[in-house]
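Please look over the sequence and the model before reading on. The paragraphs below go through the structure step by step, beginning with a single residue and then widening the view.

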Amino acid sequence: MKQSMSIRRGRPAAASSGFTLLELVIVVCIVSVLAIVLLDRLRVYQRMAEKTAVEQMVGTLQSALNLRFASLITQDRLKDTPILADQNPIDWLVKKPANYAGEFFGTPDDVTAGQWYFDLKDRELVYLVSNRGEVEREKKETPHLRFKTELVKGNEDFPGKGGSIAGKTVEGVVVTQIVPYGWE
């Protein structure tokens with residue numbers, strides 16, 4: 001006689017079908033650390049993007065200035081180049097940038113970080129940095145990048161050329177940053 005043996009196959013316990021509280025806490029900690037690292041890197045990339053945008057704007061202004069200077073040379077009006085040093089460089093552009101606030105006499109109160117303005121008093125183009133470093137955040141001040149148009153003069157005067165200013169030839173005009181700024 002054969003006895004039939006029935007084997008019961010049980011199901012695994014219900015507790016093993018989900019996450020334990022410890023596993024959930026570990027996952028939350030890992031995600032939090034990754035979020036902090038991501039946000040820190042994002043701040044660095046924002047500063048790099050702002051630095052690139054400022055450098056691109058200064059490069060565009062330098063190109064516009066070179067075109068103005070070349071125009072004066074071709075019109076044999078090199079003696080008019082000192083006028084370029086006093087003009088607002090934004091006026092040389094066909095279209096003003098969206099973050100240009102305008103011309104002000106001195107430092108305006110209503111210009112926000114991330115905007116350009118022209119200081120009529122000092123004849124300087126100013127940019128207010130929006131992605132400040134830790135030092136500026138602690139001081140609660142917005143750093144100002146200041147740029148000025150300057151004439152590049154040679155050593156000697158060439159008689160008859162009409163391009164001399166104070167006994168020196170004008171070799172070019174440049175947009176220079178007055179006070180260096182560390183982007184970190």
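Predicted model: local features only at pLDDT ≥ 70, side-chain atom pairs only at ≥ 80, totals over all residues.

Although Met 48 and Asn 131 are 83 residues apart in sequence, their C-alpha atoms are 9.2 Å apart in space.

With that residue as a starting point, the whole chain can be laid out. The protein chain has 3 helices and 6 strands, and, read from the N terminus on, its elements follow the order α-α-β-β-β-α-β-β-β. The protein chain has 184 residues, of which 29% count as buried.

Which elements give two or more residues to the largest nonpolar core? That core has 26 residues, and among those with the most contacts inside it are Val 54, Leu 61, Trp 116 and Phe 147. As a general background, nonpolar side chains tend to be buried together in soluble globular proteins.

The aromatic residues deserve a separate look. A pair of aromatic rings is described by the distance of the centres and the angle of the planes. The structure holds 3 aromatic pairs. In one of them, the rings of Phe 104 and Tyr 117 have centres 6.0 Å apart and planes at 80°, so this pair is edge-to-face. The pair links distant parts of the chain, for Phe 104 is in strand β1 (residues 100-104) and Tyr 117 is in strand β2 (residues 116-119), 13 residues apart. Tyr 117 has a relative accessible area of 0% and is therefore buried, whereas Phe 104, with a relative accessible area of 22%, is partly exposed.

Another of the pairs is formed by Trp 116 and Phe 147, which is tilted, with 5.8 Å from centre to centre and 40° between the planes. Because Trp 116 lies in strand β2 and Phe 147 in strand β4, this pair ties together parts that are 31 residues apart in sequence. Trp 116 is buried at a relative accessible area of 2%, and Phe 147 also counts as buried, at 5% relative accessibility. Trp 116 and Phe 147 form one aromatic cluster with Tyr 127, and both Trp 116 and Phe 147 are listed with the residues that have the most contacts inside the largest nonpolar core.

Charged side chains make contacts of another kind. Side chains of opposite charge can pair when their charged atoms come close. The structure holds 5 salt bridges. One of them joins the side chains of Arg 146 and Glu 124, at 2.7 Å from N to O. This pair links distant parts of the chain, with Arg 146 in strand β4 (residues 144-153) and Glu 124 in strand β3 (residues 124-128), 22 residues apart. Are these two partners buried or exposed? Both Arg 146 and Glu 124 are buried. Through salt bridges that share partners, Asp 119, Glu 124 and Arg 146 are joined into one network.

Other salt bridges have partly exposed partners. The side chains of Asp 80 and Arg 77 meet at 2.9 Å, N to O, where Asp 80 counts as partly exposed at 22% relative accessibility and Arg 77 is partly exposed at 35%. Asp 91 and Lys 96 also form a salt bridge, at 3.6 Å from N to O; Asp 91 is partly exposed, with a relative accessible area of 41%, and Lys 96 counts as partly exposed at 45%. A charge can also be found beside a ring in this model: the charged end of Arg 41 sits over the ring of Tyr 45, 5.3 Å from its centre.

The last stop is on the surface. Phe 19, Leu 21, Leu 24, Val 25 and Val 28 make a nonpolar surface patch of about 540 Å². Phe 19 has its place in the segment before α1, the helix that spans 21-74. At 70% relative accessibility, Phe 19 counts as exposed, because that value is over 50%.

Terms used: Residues numbered from 1 in each chain as written. Heavy atoms only, no water. Salt bridge = Lys/Arg side-chain N within 4 Å of Asp/Glu carboxyl O. Buried < 20%, exposed > 50% of the residue type's maximum accessible area, 1.4 Å probe, protein only. Helix = DSSP H or I, 4+ residues; strand = E, 2+ residues; numbered from the N terminus. Patch = residues over 30% accessible without salt bridge, like charges linked within 9 Å, V, L, I, M, F, W, Y side chains within 5 Å. Areas by Shrake-Rupley, 256 points an atom, 1.4 Å probe, with all protein chains shown as cover. Phe/Tyr/Trp six-rings, centres within 6.5 Å; stacked < 30°, edge-to-face > 60°. Lys NZ or Arg CZ within 6 Å of the ring centre and 35° of its normal. Core = buried A, V, L, I, M, F, W, Y, C linked by side-chain atoms within 4.5 Å.
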